[in-house]
Amino acid sequence: MKKRNESMKKSFRKILLAEVGIEFKACLYFFAILFFYCMYRIIAQGSFQADMIVMSEIILTTYVMGYIQVYLLKNFEESDHMGAFELLAAMGCSLFYVGLSYLMSWFDRAWLPELLFFGYMMLCYISIFCIYYVRRHWDTEELNLELEAFKKTRKPKE
């Protein structure tokens with residue numbers, strides 16, 4: 001019974017961590033896409049207003065993409081290196097966003113904004129990969145420093 005409870009706790013924790021990661025991704029990508037959308041509205045249309053329906057479509061899309069990235073694409077932007085799989089996954093996700101933006105007319109189905117949006121999303125994915133890489137490096141350094149400090153405070157057994 002105790003072993004089963006531990007297994008259930010471990011499974012629950014794994015699912016909860018994945019859900020928190022998806023929530024974080026959705027917020028991050030929603031902000032990035034919303035920024036591009038708002039800049040498009042200001043520059044191309046001279047409007048300082050955003051469409052609530054478009055914003056709803058964007059947030060729903062970022063949640064769906066978050067699940068795809070975590071469960072199907074192995075959290076590729078949190079990978080240790082940027083290889084062919086990670087680059088192809090970033091391109092695929094960017095194309096997915098561009099395809100939906102075209103279908104839902106976020107940028108009035110104009111080719112130039114859609115092409116710029118693809119480049120922007122690729123830049124976002126590469127930037128986020130770099131942020132995760134640097135964060136992992138700093139976390140490793142900090143853990144190593146804490147381990148050394150811990151070793152110095154421990155008294156050797158006599």
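There are 13 aromatic pairs in this structure, which is a predicted model. Take F36 and F117: their rings make a tilted pair, with centres 5.2 Å apart and 45° between the planes. F36 sits in helix α1 and F117 in helix α4, so this pair ties together parts 81 residues apart in sequence. Both are buried: F36 has a relative accessible area of 14%, and F117 comes in at 0%.

Y40 and F107 pair up too, and since their planes stand at 85°, the pair is edge-to-face. Here helix α1 supplies Y40 and the loop between α3 and α4 supplies F107, so parts 67 residues apart in sequence are tied together. Y40 counts as buried at 11% relative accessibility, as does F107 at 0%.

| Pair | Centre to centre | Angle between planes |
|---|---|---|
| F36 and F117 | 5.2 Å | 45° |
| Y40 and F107 | 5.3 Å | 85° |

Now for helix α2. Spanning residues 52-72, α2 reaches 29 Å from first C-alpha to last, close to the expected 30 Å. Its buried residues are V54, I58, T61, T62, M65, G66, Q69 and V70. They lie on the same side of α2, because they cover an arc of only 160° around the axis. Their cover includes α1, α3 and α4, while the face turned away carries the exposed M52, I53, L60 and L72.

At the start of α2, a side-chain oxygen of D51 comes within 2.9 Å of the backbone nitrogen of I53. Just after the helix, K74 takes a positive phi of about 55°. K74 also lies over the face of F85, 4.4 Å from the ring centre.

Key
Residues are numbered from 1 along each chain as its sequence is written. This is a predicted model: local features need pLDDT of at least 70, side-chain atom pairs count only at pLDDT 80 or more; totals for chains, interfaces and linings use all residues. Side-chain values use heavy atoms; hydrogens and water are left out. Helices (H or I, at least four residues) and strands (E, at least two) are DSSP runs, numbered from the N terminus. The expected span of a helix is 1.5 Å times one less than its number of residues. Buried means under 20% relative accessible area, exposed over 50%, partly exposed in between (1.4 Å probe, protein chains only). The arc is that of the directions from the helix axis to the C-beta atoms. Contact means heavy atoms within 4.5 Å. A polar contact is a pair of N or O atoms within 3.5 Å; within protein, one must be able to donate a hydrogen and the other to accept it, and residues adjacent in sequence count only if both atoms are side-chain atoms. Rings of Phe, Tyr and Trp (its six-membered ring) pair if their centres lie within 6.5 Å; planes under 30 degrees apart count as stacked, over 60 as edge-to-face and the rest as tilted. A charge sits over a ring if NZ of Lys or CZ of Arg is within 6 Å of the ring centre and within 35 degrees of the ring normal.
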